[in-house]
Amino acid sequence: MERGDREPLVRKASSSYRTFPDSTARRLDKEYLRSLHNKRLYLAVFAAVLGNFSFGFALVYPSPVIPVLEAHPSPALRLDQHTAPWFGSVFTLGAAAGGLSTMLLNDCLGRKLSIMFSALPSALGYALLAGAQGLWMLLLGRVLTGYAGGVTSASIPVYISEISHPGVRGMLGACPQIMAVLGSLVLYALGKYLWLVLDWRWLAVAGEVPVLAMILLLCFMPNSPRFLLSQGKEEEALGSLCWLRGEDTDYAREYEQIKDSVRKQSRRVSCAELKDPFLYKPILIAGGMRFLQQLSGVTCILVYLQPIFRKTAVILKPEYDAALVGLVRLSAVAIAAVSMDKAGRKILLFVSGYAMGWGPITWLLMSEILPLKARGVASGLCVVVSWLTAFTLTQFFLPVVNAYGLEVPFLFFAVISAGNILFTGCCVPETKGRSLEHIEAFFRTGRRSFLR
């Protein structure tokens with residue numbers, strides 16, 4: 001049978017398969033992006049990423065605190081070679097639990113309310129750390145702050161991605177990583193050995209400040225228009241988009257595009273649909289990136305940064321070395337934020353290290369490539385994979401270092417980092433300048449490149 005005989009006589013055109021709009025639509029898109037007012041969008045993003053600031057603060061809390069608690073006069077609070085790894089790693093176990101619960105929270109409460117919900121376990125965890133009278137209070141405080149971090153890790157990137165437009169989504173997508181790095185740097189600055197001479201209890205009290213600021217600001221911010229449309233709240237979604245883009249812009253056109261995309265994905269994901277490459281390919285790519293990012297060792301290095309420097313022959317004190325690392329990370333992430341919308345995501349993954357590439361971009365790509373109908377569940381799943389990997393590495397890092405030295409784990413991290421380059425080249429698509437609807441169409445068509 002000839003090929004023409006095998007094809008249907010009438011083929012219905014589908015807008016889902018048009019990866020690029022025509023030249024007129026592209027011109028209108030560019031004019032629309034230039035007309036937008038981004039001040040309110042930036043405010044909404046700032047309110048959300050205060051959760052990442054708290055996350056970064058809590059993640060590296062053990063770095064200056066472990067040396068202090070190892071020499072604590074009270075046996076109930078003193079850490080040893082067995083309890084110190086748990087104090088460092090149990091945070092990531094809580095983060096995995098937070099990611100697991102966000103698989104439901106993201107779709108039930110919505111992105112914004114999920115972020116606000118994280119303030120409760122975060123505030124309680126910091127309170128337990130500040131008033132700890134025994135090891136169980138220290139560990140429970142770490143679990144709760146980790147749980148809050150897991151919720152924000154899965155919710156904030158999705159919220160930012162869904163309220164942003166292609167012109168600034170790359171830059172704003174790097175903001176969670178910028179704020180996480182800034183939170184870590186502030187903790188080092190407030191540490192006992194640095195400028196403001198806060199001991200470990202007051203460090204925990206200081207961690208409450210961004211949590212309270214986040215929940216207050218978010219009360220005045222809109223929810224994601226895409227989430228509201230998925231819940232059938234059309235008027236509220238239109239009002240949200242109007243608030244984010246500006247009343248005197250052509251936001252109605254963008255609203256119709258989002259509405260059309262949401263309508264095509266109104267049903268929840270079924271088990272049978274997971275066999276569709278449109279769903280499983282982006283989920284595997286996002287999950288693979290989160291797995292490889294953590295396997296490169298970043299979390300355990302940050303958690304144990306000062307103990308690591310104590311085992312080296314560097315000139316500066318470990319406390320100052322840790323702060324210097326924070327400054328370098330912050331500068332690198334800032335460069336990534338201003339360059340990824342121009343240079344692209346993949347090129348930064350290829351040519352840069354963690355802070356400019358695999359740090360901010362993996363979170364951004366996760367929120368960009370996951371399909372709307374599975375975004376809430378899949379983002380939580382990716383966070384679970386990420387933090388279970390981080391827990392395993394963080395739990396075993398110090399015992400391996402004590403037994404074999406720093407060389408063995410760092411050689412392992414180097415091998416994984418080399419493998420990340422291959423993964424990027426073979427699996428990761430370039431999403432620069434594409435709307436979320438165009439990215440979904442890319443996976444729906446099964447294309448290998450946006451240029452085809």
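Which residue's side chain does Arg111 meet in a salt bridge? The partner is Glu162, with N to O at 2.9 Å. A salt bridge here puts a side-chain nitrogen of Lys or Arg within 4 Å of a carboxyl oxygen of Asp or Glu. This is a predicted model: local features need pLDDT of at least 70, side-chain atom pairs count only at pLDDT 80 or more, and totals for chains, interfaces and linings use all residues. Residues are numbered from 1 along each chain as its sequence is written, and side-chain values use heavy atoms, leaving out hydrogens and water.

Start with the overall picture. The protein has 25 helices and 0 strands. Both are DSSP runs numbered from the N terminus: helices are H or I with at least four residues, strands are E with at least two. Of the 452 residues, 58% are buried. Buried means under 20% relative accessible area, exposed means over 50%, and partly exposed lies in between (1.4 Å probe, protein chains only). The protein exposes about 19,800 Å², and carbon and sulfur atoms supply 66% of that area. Accessible areas come from the Shrake-Rupley method with a 1.4 Å probe; for residues, only the protein chains shown count as cover. Among contacts with a separation of 6 or more, 80% join residues 24 or more positions apart. A contact means heavy atoms within 4.5 Å.

Now return to the opening pair. Arg111 lies in helix 6 and Glu162 in helix 8 (residues 135–163), so the bridge ties together parts 51 residues apart in sequence. Arg111 is buried, at 1% relative accessible area. Glu162 is also buried, at 1%.

Helix 6 (residues 111–117) also holds Leu113. Leu113 is partly exposed, because its relative accessibility is 40%. With Leu109, Phe117 and Leu120, Leu113 forms a nonpolar surface patch of about 340 Å² accessible area together. Patch members have over 30% relative accessible area and no salt bridge; like charges are joined within 9 Å, nonpolar side chains (Val, Leu, Ile, Met, Phe, Trp, Tyr) within 5 Å.

The structure holds 5 salt bridges. Lys259 is partly exposed at 25%. Glu234 is partly exposed at 38%. Arg245 and Glu254 meet at 2.9 Å, N to O. Both of these residues are buried. Elsewhere, Arg169, Arg345 and Glu368 are linked in a salt-bridge network.

Look along helix 14 itself (residues 234–245). Its 12 residues should span 16 Å at 1.5 Å a residue, and its end C-alpha atoms are 16 Å apart, which agrees. The expected span is 1.5 Å times one less than the number of residues. Buried residues in helix 14 include Ala237, Leu241 and Arg245. Gly246 follows the helix, with a positive phi near 110°.

Finally, the rings. There are 9 aromatic pairs. The rings of Trp86 and Phe391 have centres 6.0 Å apart and planes at 50°, so this pair is tilted. Rings of Phe, Tyr and Trp (its six-membered ring) pair if their centres lie within 6.5 Å; planes under 30 degrees apart are stacked, over 60 edge-to-face, and the rest tilted. Trp86 lies in helix 5 (residues 83–108) and Phe391 in helix 23 (residues 372–404), so the pair ties together parts 305 residues apart in sequence. Trp86 is partly exposed at 38%, whereas Phe391 is buried at 15%. Ring pairs also link Tyr304, Phe397, Phe410, Phe412 and Phe413 into a cluster.
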